[in-house]
2 protein chains.
Amino acid sequence: MSFSFTLIKKDITGARLGMVSTPHGAFQTPVFMPVGTRAAVKAMTPEGLRDAGAEIILANTYHLYLRPGHEIIKELGGLHCFMNWDGTILTDSGGFQVFSLGKLRKIDETGVVFNSHLDGARCVLTPESAIEVQQALGADIIMPLDECPPYPASRAYIEESMARTHRWAKRCKGAKTNAAQALFGIVQGGMHADLRKASANALIDMGFDGYALGGLSVGEEKPLMREVVSFSAPLLPESAPRYLMGVGTPEDLVHGVENGIDMFDCVMPTRNARNGTLFTRRGKLVIKNGLYERDSRPVEEGCLCYACRNYSRAYLRHLFMAGEILSSMLNTAHNLYYYCSLMKRMRAAISEGGFNEFKKGFYTDIEAGNMREEP
Amino acid sequence: MSFSFTLIKKDITGARLGMVSTPHGAFQTPVFMPVGTRAAVKAMTPEGLRDAGAEIILANTYHLYLRPGHEIIKELGGLHCFMNWDGTILTDSGGFQVFSLGKLRKIDETGVVFNSHLDGARCVLTPESAIEVQQALGADIIMPLDECPPYPASRAYIEESMARTHRWAKRCKGAKTNAAQALFGIVQGGMHADLRKASANALIDMGFDGYALGGLSVGEEKPLMREVVSFSAPLLPESAPRYLMGVGTPEDLVHGVENGIDMFDCVMPTRNARNGTLFTRRGKLVIKNGLYERDSRPVEEGCLCYACRNYSRAYLRHLFMAGEILSSMLNTAHNLYYYCSLMKRMRAAISEGGFNEFKKGFYTDIEAGNMREEP
């Protein structure tokens, strides 16, 4: 099965229900993609991911290129086989990590030269090599090399960078030889509406299987990020999936979906889990809080995740305080279940034509939690 | 169901096949008990433990007494409920940890005063309170407070300590009020055959549900430890289970079983797993070794553990090098499976009357591994 996207329904708000098919299965959108940076979603087995409701995960090209190396993964049968995940995988291009983790980077028309954050080794990533690496990894959806400019940056720099990102996108499209992999375009343009429009149009002209909004969640204030999402999403074709990269909180997801975003990825549920912050309908629960020392209730009443089905807040608090690995495992299972369920609830709401009502309930629940001493 | 032990068969070597029944299930012996120090076997869920073949696990009274506290665990329904393990649990008395982890400890006839290794708080453990704590935890098998003398220690001190340990054992037996819990006696006496005999006899006179060999694996050389096991195990009643505390390597288990030991616990499989050392029939495999960088084979060909069923050495090496939590999870699953399977193989050998043959094959396999570059 090759890549396809079907728009099933559009809510009056702009929220979309869709279906993505890939060589490794089909799933409905809007969807959240857990992040498996180094070919593993931290503290989760593939079975645990399925149990949490994950259908597509993300892996990081930059990290896997440096270690263990894409050639090794290719030799071992590709990323799906290597990490024992038979669902859909999306790999980013590595651009974001080069700009956030790479040292002494130098960028020119050819590509980007940087030093590995692991051992300082000099590395080169070009649009062509980013595709080559991602073809070796064998993900179902791959991304072109782009520059993710810092925030703030001058308008002049954003324009220059964006134009180069477009030229790179074209080279990426030209370099791709594996028809089984879908290639998305990445819209840049900083926080400027006219540049975002120009970027979207340039990419649409080239034609991609889906379109991503890049360059967000890079330090800008939340209202600004949301504003950019609001004016950028409608610039994208109705007939292709729209992916908001690296975002975000549950509230960000609700906002994104309302504005027609179909795909999200973020380390927040997994990272917060390891730090002991758990997501619930009534807001965040900080498990180390002494309130939970003797609390026999699950993290969230009615939650059907593995942790809530089997363990009390008191036990989860104990594991966290003791620094047990099982703490990360159970907290991650809960948070990913929360994120995936949130998407499922949104899909159901869109399907029933009641996204606005869902949104009202979502915020009522969170506010109810904030008013109480104890979630 | 209350506690019982049935000796099913005795091999010509001295190895015993038995059956232990407890309020949380029955299992055959010889058996290995994974260590769940702080009410969690590190990096394992209860389902993972079952999948690895575990039927009984151990938890540490000292650690749980200090954090979260036995009263809290009792309030939450006891240890089985707290940690979601419905199989058998054995708790040690805390004595070993007081002597190995506690600071500024002071021992007298009453009990032991020590400072918590967590926050320095002054704590008292007496034979009576050790039983009280273990009754609150609610394990199926509990242990009396004993002193685990250091090695080396003078014969005079060993004698004095042993006599006190016997008086404590009697007080523990007197303090126990919960008939559903089995209480084992702990034989001390250092490395002295006559003292071990005196200790065994003193405890047998008092009458316990099972008998443990304590004070071993405390720094003495391996041949000495094995010698003590060899002359001590036969001092114990045929009709009760024999538990060798805190031991050991796969070779130690084979030696112990041959000498009539029925139960073992050790942190080795779980701790080594986290350090990247994996047990196989052909010896240990150090997963970070560059040899495994592109090795598509499982850790051990034919092994049916979760890790070997699903992952290559190359992937496990990658996870270890990247410091992924999944590395600890998969390595622990493998090592516990190895330990539990080793016990299963020994039980089968005893059942078929071929323990000697098993032992020959066990050492042949290990030597074959040592001769090869690559296990």
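Predicted model: local features only at pLDDT ≥ 70, side-chain atom pairs only at ≥ 80, totals over all residues.
Visitor: Why are α8(A) and α9(A) called oblique to each other?
Guide: The axes of α8 (residues 193–206) and α9 (residues 222–232) of chain A cross at roughly 45° and come within 10 Å. Oblique is what remains after under 35 degrees (roughly parallel), over 145 (roughly antiparallel) and 65 to 115 (roughly perpendicular), so α8(A) and α9(A) are oblique.

Visitor: Which residues of α8(A) and α9(A) meet?
Guide: A:Ala193, A:Arg196 and A:Ala200 of α8(A) meet A:Val228, A:Phe231 and A:Ser232 of α9(A), contact being C-beta atoms, placed from the backbone, within 7 Å. By class, four of the contact residues are nonpolar, one is polar and one is charged.

Visitor: How do α6 and α7 of chain A cross?
Guide: The axes of α6 (residues 127–137) and α7 (residues 155–175) of chain A come within 8 Å, crossing at roughly 45°. That makes α6(A) oblique to α7(A). The crossing of α6(A) and α7(A) is right-handed. From α6(A), A:Pro127, A:Glu128, A:Ala130 and A:Ile131 meet A:Trp168, A:Arg171, A:Cys172 and A:Ala175 of α7(A). The residues of that contact divide into six nonpolar, no polar and two charged.

Visitor: How do you know what relates chain B to chain A?
Guide: Chain B superposes on chain A (RMSD 0.0 Å) by a rotation of 180° with 0.0 Å of shift along its axis. That is the relation of a two-fold axis. In chain B, the C-alpha nearest the axis belongs to B:Ile325, 3.7 Å away from it. Both copies use the same surface, as 100% of the contact residues of chain B recur in chain A.

Visitor: What makes up the side of chain B that touches chain A?
Guide: 31 residues of chain B are in contact with 31 residues of chain A. Helices α3 (70–75), α4 (79–83), α13 (313–322) and α14 (325–351) of chain B each supply at least two residues of that side. The largest share, six residues, comes from α13(B). The side of chain B that touches chain A divides into 17 nonpolar, seven polar and seven charged residues.

Conventions: Residues numbered from 1 in each chain as written. Chains lettered and ligands numbered in written order. Axes fitted to C-alpha atoms, helices over the stretch in contact; angles between N-to-C directions. Helix = DSSP H or I, 4+ residues; strand = E, 2+ residues; numbered from the N terminus. Left-handed = near helix turned anticlockwise from the far one by under 90°. Contact = placed C-beta atoms within 7 Å. Nonpolar A, V, L, I, M, F, W, Y, C, P; charged D, E, K, R; others polar. Least-squares fit on C-alpha atoms with pLDDT ≥ 70 in both.
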